[in-house]
Amino acid sequence: MSTEPQETSSPPKIWLLTNDAVGLRNQAVGLAEHIGWPFEVKLVNLTKPWRWLPGHWLSKAHTRLTPQSSPLKAPWPDIIISCGRLGAATALGVKRASGGRVFTVHIQNPQMPHHLVDLIVPPRHDGLIGPNVVNTRGALHHVTPEKIEQAMTQQTDIHPELIEIKQQRPIIGVLIGGSNATATLTPKKSRALIETLLKVAADHSAHLWITASRRTGTENIAAMETALAGTTHWFWNNEGPNPYHAILGMADYLIVTGDSVSMVSEAASTGKPVHTLDFDGYSGRLNNFHQALRSEGVTRPFEGKLEQWQYTPVNDTPYVAQLVRERFHKHRCT
């Protein structure tokens with residue numbers, strides 16, 4: 001039986017503080033959606049030189065925002081969910097302005113003393129520990145069975161031939177990221193990646209359904225389109241609605257470039273075989289993330305062939321959402 005207090009008044013209000021990076025915003029939105037209370041997305045960035053300083057050095061970071069940022073002013077929310085270093089700094093500014101009333105949750109490493117944040121939710125490969133730290137196996141996200149089902153229905157309405165494809169041969173869903181701090185995707189690597197995918201599709205008489213990300217880059221997307229020319233496979237090139245959720249639902253196998261913790265985590269939430277494709281090296285933290293999921297039997301490195309296996313889907317977002325609700329109620333009662 002739940003011990004959570006019954007809500008008799010209007011639900012708490014949530015602000016999400018992050019920048020416009022899709023990976024960061026999706027984590028905050030995913031958590032807020034699972035909490036189930038009203039929320040607003042506030043995109044924030046600090047002006048120079050404040051953005052370069054440790055976030056807890058700024059007593060009023062929420063007043064040092066760029067003109068493009070969302071305005072932050074009272075009435076303050078009940079809860080702030082931040083993601084990204086500058087989001088954490090801004091959240092602390094609002095918390096101080098509210099006299100400590102606002103309950104703060106930070107996704108990832110806040111890069112400030114832990115006691116300044118009410119609840120910290122980093123992935124376990126960040127290596128953070130503490131009484132207010134709850135580690136997750138991967139990234140929080142906004143992928144749900146309901147969104148996947150809705151996306152599949154939309155795509156089969158637009159492309160009824162998908163039903164026939166699904167009945168006749170397996171679908172390989174491919175999620176492609178791009179360059180990050182330690183990995184660099186180039187047109188040459190992009191062509192090689194597509195050639196590898198075409199070979200595995202031919203070997204398994206499968207259909208490729210590929211989606212690129214914003215980080216993939218226009219030159220790499222062009223190289224991939226050239227490599228796919230003359231084939232019957234589908235490629236989403238950042239134009240029009242992204243079939244991302246539909247791919248997660250329709251695919252029999254998922255191949256994900258290993259540069260993105262978020263994409264691997266979202267793929268692993270489906271329970272489908274997830275092969276990670278390495279186009280470059282990893283940082284120590286990212287390598288730890290992959291090694292942990294592989295040792296637990298969740299993912300396998302892509303080695304040119306497809307395999308089937310089973311595992312318990314990885315999705316910590318509902319658990320963290322419930323924890324936020326419980327911790328917030330305790331905070332409000334103290």
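First, the ground rules. The model is predicted, so local features need pLDDT of at least 70 and side-chain atom pairs count only at pLDDT 80 or more, while totals for chains, interfaces and linings use all residues. Residues are numbered from 1 along each chain as its sequence is written, and side-chain values use heavy atoms, with hydrogens and water left out.

Let me start with helix α2, residues 85–97. Its 13 residues should span 18 Å at 1.5 Å a residue, and the end C-alpha atoms are 19 Å apart, which agrees. The expected span here is 1.5 Å times one less than the number of residues. How many of the 13 residues of α2 are buried? Ten, so the helix is mostly covered. Buried means under 20% relative accessible area, exposed means over 50%, and partly exposed is in between, with a 1.4 Å probe and protein chains only. The buried residues are L86, G87, A88, A89, T90, A91, L92, G93, V94 and K95. They pack against β1 (14–18), β3, β4 and α10. Just after α2, G99 takes a positive phi of about 70°.

That brings us to α10, residues 317–333. This helix has 17 residues and reaches 25 Å from its first C-alpha to its last, close to the 24 Å expected. Its buried residues are T317, V320, A321, L323, V324, R325, F328 and H329. Keep the helix repeat in mind when you look at such a list: an α-helix has 3.6 residues a turn, so residues three or four places apart point the same way. What covers the buried residues of α10? The cover includes α1 (22–35), β3 (79–83), β4 (103–107) and β5 (119–121).

Next, two helix pairs. Axes are lines fitted to C-alpha atoms, for helices over the stretch in contact, and angles run from 0 to 180 degrees between N-to-C directions. Contact means heavy atoms within 4.5 Å.

Helix α8 (261–268) and helix α9 (284–295) pack at about 15°, with axes 11 Å apart. That makes α8 roughly parallel to α9; angles under 35 degrees count as roughly parallel, over 145 as roughly antiparallel, 65 to 115 as roughly perpendicular and the rest as oblique. On the α8 side the contact is made by V261, V264 and S265, and on the α9 side by L286, F289, H290 and L293. By class, that is five nonpolar, two polar and no charged residues. Nonpolar covers Ala, Val, Leu, Ile, Met, Phe, Trp, Tyr, Cys and Pro; charged covers Asp, Glu, Lys and Arg; the others, Gly among them, are polar.

The axes of α5 (187–203) and α6 (218–228) come within 8 Å and cross at roughly 35°. From α5 the contact uses P187, S190, R191, I194 and L198, and from α6 it uses E219, N220, A223, M224, A227 and L228. This contact has seven nonpolar, two polar and two charged residues.

Now two single residues. V174 sits in strand β6, residues 171–175. Is V174 buried or exposed? It is buried, with a relative accessible area of 2%. Apart from neighbours within four places in sequence, V174 is in contact with L197, L208, W209, I210, T211, I247 and I255.

F279 is in the loop between β10 (274–277) and α9. F279 is also buried, at a relative accessible area of 13%. With neighbours within four places left aside, its contacts are G178, A183, T184, L185, K189, T257 and D259. F279 and S179 are 100 residues apart in sequence, yet 9.7 Å apart in space, C-alpha to C-alpha.

Last, the backbone. Most residues other than glycine have a negative phi, and most peptide bonds are trans. Where are the cis bonds described here? One joins K48 and P49, with omega about 0°, and another joins A74 and P75, with omega about 5°. P49 is in the loop between β2 (39–43) and β3, and P75 lies in the loop between β2 and β3 as well.

As for phi, Q108 has a positive value near 80°. Q108 is in the loop between β4 and β5, and is partly exposed, with a relative accessible area of 25%. S205 has a positive phi near 50°, and lies in the loop between α5 and β7 (207–211).

How values were computed
Helices (H or I, at least four residues) and strands (E, at least two) are DSSP runs, numbered from the N terminus.
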